[in-house]
Amino acid sequence: MTEVPKGFSRRQGVDISVISRYARLYLKSLFHHVYIVKGIATSDFRKIWGLQEEYEKKLRINHCHHAIDAITIACIGKAEYDKLAQYYHDEEQYDWGLDSKRAVFPKPWKTFTEDLKHIEDALLISHYTADNMGKCTRKKVRKNGKLTNEYMQGDTARVQLHLEKYYGAIERDGEIRYVVRKQVEEVDPKNIVDDVVRKKVEDAVKEHGNLKKAVDAGIWMNKEKGIKINKVRIYAPQIKRPLEIRKQRDISPKDYKRNFHVANDSNYMMGIYVGKDARGKEKREFVLVNCLDAVKFYNGKGDNENLLPILSPINKYPLKWELQNGTMVILYEDNPDEIFKLSRKELNRRIYKIKGMSSMVISGYDYGTLSLMHHQEARPSTEVRFKNGVFKNNEITRSGITLLHTQFKGLVQGYDFEMNDIGEIKFLKND
């Protein structure tokens with residue numbers, strides 16, 4: 001290898017070596033025979049046994065590749081290592097034309113390659129997502145410069161509460177709109193808030209042909225006085241309901257200008273309330289709890305782990321589910337009875353993990369949205385295409401699904417089923 005490929009860091013190899021060394025020492029306290037297999041050896045055996053083409057890059061888009069590596073390693077012992085050297089010798093002899101027969105390395109069993117290539121059909125991946133929101137720091141109290149045996153509890157935020165950028169608020173045609181300041185070369189001139197500044201920038205673009213050339217030549221508010229346009233305010237249409245994190249130092253006579261406005265980074269929990277109206281038709285409502293509100297709750301309640309106060313029954317329907325990032329769900333199309341007698345291969349298509357929660361306005365109504373990733377999907381969520389629409393029994397498995405809270409049909413981990421570390425599912429109830 002002449003250069004470090006993209007996505008690989010040299011320190012990662014060192015980390016793996018250190019982890020392997022200590023893992024071996026720990027496991028030797030429990031088992032008699034423990035050995036470490038180098039990654040290059042695992043790669044060689046995958047290629048020899050037909051699990052990976054010779055010059056093919058290992059795919060890491062599916063969590064099943066860990067299981068394939070584990071099974072491959074389990075089939076590599078001292079005897080296989082000894083045979084590997086002879087295999088490479090025979091392969092060289094064949095490549096040089098000194099032997100008419102290609103080298104062959106026996107498989108662990110006859111259908112080894114076929115079995116491992118289809119392992120993803122039945123492998124159910126169990127995900128564990130730690131919820132550290134309620135944990136608070138504790139520090140020893142210091143008196144007269146010396147530590148005592150007394151402890152004090154601090155207010156701790158273990159997540160990013162909001163995005164870093166501040167947004168301003170202005171009123172246009174009776175509507176409160178939010179704006180942000182950016183470098184002039186980064187904006188579309190038509191989104192500039194100030195009419196005079198927008199006209200100056202548009203004229204400069206017309207004169208020089210494009211925005212980059214205009215910026216290089218200089219866009220002036222008043223050239224005689226040396227006032228140059230470097231930054232401009234533009235509308236931020238994606239910001240509809242920002243968080244108000246604190247008061248401005250200088251109090252404005254206008255209410256909407258008295259706070260610092262920031263965009264929400266992520267939401268901690270969604271509560272879905274399910275009930276029936278007077279005609280017996282199912283109705284749903286939702287409540288989102290953002291991370292800032294969750295931290296305020298925990299800081300006020302201390303070590304209380306009961307989340308019901310966050311999602312108290314504030315509306316006319318009872319609380320059905322508390323959903324968080326990392327919660328596993330099993331989707332169905334019409335009725336939950338579809339799920340209970342399915343094989344592992346059929347269940348595999350229906351198991352998803354909640355990856356994000358948000359809200360949106362459609363035709364004047366608020367809807368909660370859930371982003372779901374297939375349980376075997378190993379790519380970052382930024383690389384996954386989330387498709388809108390409810391789950392269908394006969395469709396091809398989607399890597400990502402986006403559902404409205406009114407469209408969600410599924411069994412929820414902790415309510416309807418439990419899943420252990422090896423992917424075994426235990427159904428809790430069938431209402």
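Two strands count as paired if DSSP finds at least two bridges between them. Helices (H or I, at least four residues) and strands (E, at least two) are DSSP runs, numbered from the N terminus. The model is predicted: local features need pLDDT of at least 70, side-chain atom pairs count only at pLDDT 80 or more, and totals for chains, interfaces and linings use all residues. Residues are numbered from 1 along each chain as its sequence is written, and side-chain values use heavy atoms, with hydrogens and water left out.

**View A. Five strands form an open sheet with antiparallel pairing.** The strand order is E7-E4-E3-E9-E8. Strand E7 (231-235) and strand E8 (243-247) stand at the edges with a single partner strand each, so one side of each is left without a neighbour in the sheet. On average, and with direction ignored, neighbouring strands of this sheet are turned by 45° against each other; for such angles, axes are lines fitted to C-alpha atoms, for helices over the stretch in contact, and angles run from 0 to 180 degrees between N-to-C directions.

**View B. Strands E3 and E9 run antiparallel within this sheet.** Three bridges join E3 (residues 162-172) to E9 (residues 259-264). Tyr166 stands opposite Val262 in E9.

**View C. Strands E1 and E2 form a hairpin.** E1 (residues 138-143) pairs with E2 (residues 146-153) in the antiparallel sense over five bridges. Lys143 is placed opposite Lys146 in E2. Two residues lie between the strands of the hairpin, and Asn144 takes a positive phi near 55°.

**View D. Helix H4 covers residues 78-95.** Its 18 residues reach 26 Å from the first C-alpha to the last, close to the 26 Å expected at 1.5 Å a residue, where the expected span is 1.5 Å times one less than the number of residues. Glu80, Leu84, Tyr87 and Glu91 of H4 are buried (under 20% relative accessible area, 1.4 Å probe, protein chains only). Helix H2 (39-48) is included in what covers these buried residues. Gly97, with a positive phi near 80°, follows H4.

**View E. Helices H2 and H4 pack at an angle of about 65°.** Their axes are 12 Å apart. Ala41, Asp44, Phe45 and Ile48 in H2 meet Glu80, Tyr81, Leu84, Tyr87 and Tyr88 in H4, contact being heavy atoms within 4.5 Å. The residues of this contact divide into seven nonpolar, no polar and two charged (Ala, Val, Leu, Ile, Met, Phe, Trp, Tyr, Cys and Pro count as nonpolar, Asp, Glu, Lys and Arg as charged, and the others, Gly among them, as polar).

Note on methods:
Buried means under 20% relative accessible area, exposed over 50%, partly exposed in between (1.4 Å probe, protein chains only).
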